[in-house]
Amino acid sequence: MNETYLIDTHSHINMVENISTDEVIKNALSAGVKKIIVPASSTNDIDDVFELSQKYEDIYCYLGIHPEEAKDWDDGILNKIREYSASPKVVGIGEIGLDYYWDKSYVELQKEIFIKQIQLGNELNLPLNIHDREAHKDTFDILKEYNKNSKVIMHCFSGSPEFAIECIKEGWYIALGGVVTFKNAKKMKEVAKIVPLEKLLLETDAPYLTPTPHRGEENQPAYVRFTAEEISKIKEISLEELAKQTTLNAEKILNI
Ligand code: NI
């Protein structure tokens, strides 16, 4: 009953290469990380992450298409997600959003499929797990205009403290990952400080963005603990309190 544990709310464990899924889960459990949410990103891995969620008790998934995969979109994906969403292990639509970092040549297409997936989340009444890379204003404007009833999680939040405040005013949640542990990540430490505990979620985005002291290695859900420790120091609260509240937030938002 009083067990405190962590939840990794965004982790591509299907992309972890150096260890098996069984080891990923074993390591997570020994680090006190009990539940893991695996986002789909491409048309190819929707089936894979759904299968993972069916196979393992403490694994859940978000289904959707990452903006960088926008060119592979076809409307059949909507029906596939509708069918899979009958499972309670499908806890959101994601990761979806906008990414202006690499290639801006298909921004309009990114926006179009972002909107379609927001509407799907609204139809299914599922939370949205949002990828926003160097596209803060457009992401914000589109969500504000099109999202009617879905809860919003800003995955791997990368904006300013001011932008975090704007998102919180909309009732959205801020998910922080390993970047907050980097020594020179002043902006993210400031974000961690100002985001109210009730609006905060933890994640790894494994296999990417590995927190200190494992930087340079492949990331895994167990390492969400380092992010939690850093944020608890920044917020001057115990790890226990941070774990309790962020876990409660995730369980409430995702209905898990
Ligand atoms: Ni991701």
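**Figure 1. Residue classes lining the second largest pocket of this predicted model.** The lining comprises seven nonpolar, five polar and one charged residues; Ala, Val, Leu, Ile, Met, Phe, Trp, Tyr, Cys and Pro count as nonpolar, Asp, Glu, Lys and Arg as charged, and the others, Gly among them, as polar. A pocket is an open set of points on a 1 Å grid over the protein atoms alone, where a 1.4 Å probe fits, with protein on both sides within 12 Å along at least five of seven lines; lining residues have an atom within 4 Å of a point. The space in the second largest pocket is about 190 Å³, a volume being the space filled by probe spheres set on the points, which are joined across faces, edges and corners. Of its 13 lining residues, N125, L126, P127, L254 and N255 are the closest to the centre.

**Figure 2. The largest pocket.** This pocket holds about 660 Å³ of space. Its lining has 28 residues, with H131, R133, C156, D205 and L209 nearest the centre. The lining divides into 12 nonpolar, eight polar and eight charged residues.

Residues are numbered from 1 along each chain as its sequence is written. In this predicted model, local features need pLDDT of at least 70, side-chain atom pairs count only at pLDDT 80 or more, and totals for chains, interfaces and linings use all residues, while side-chain values use heavy atoms, leaving out hydrogens and water.
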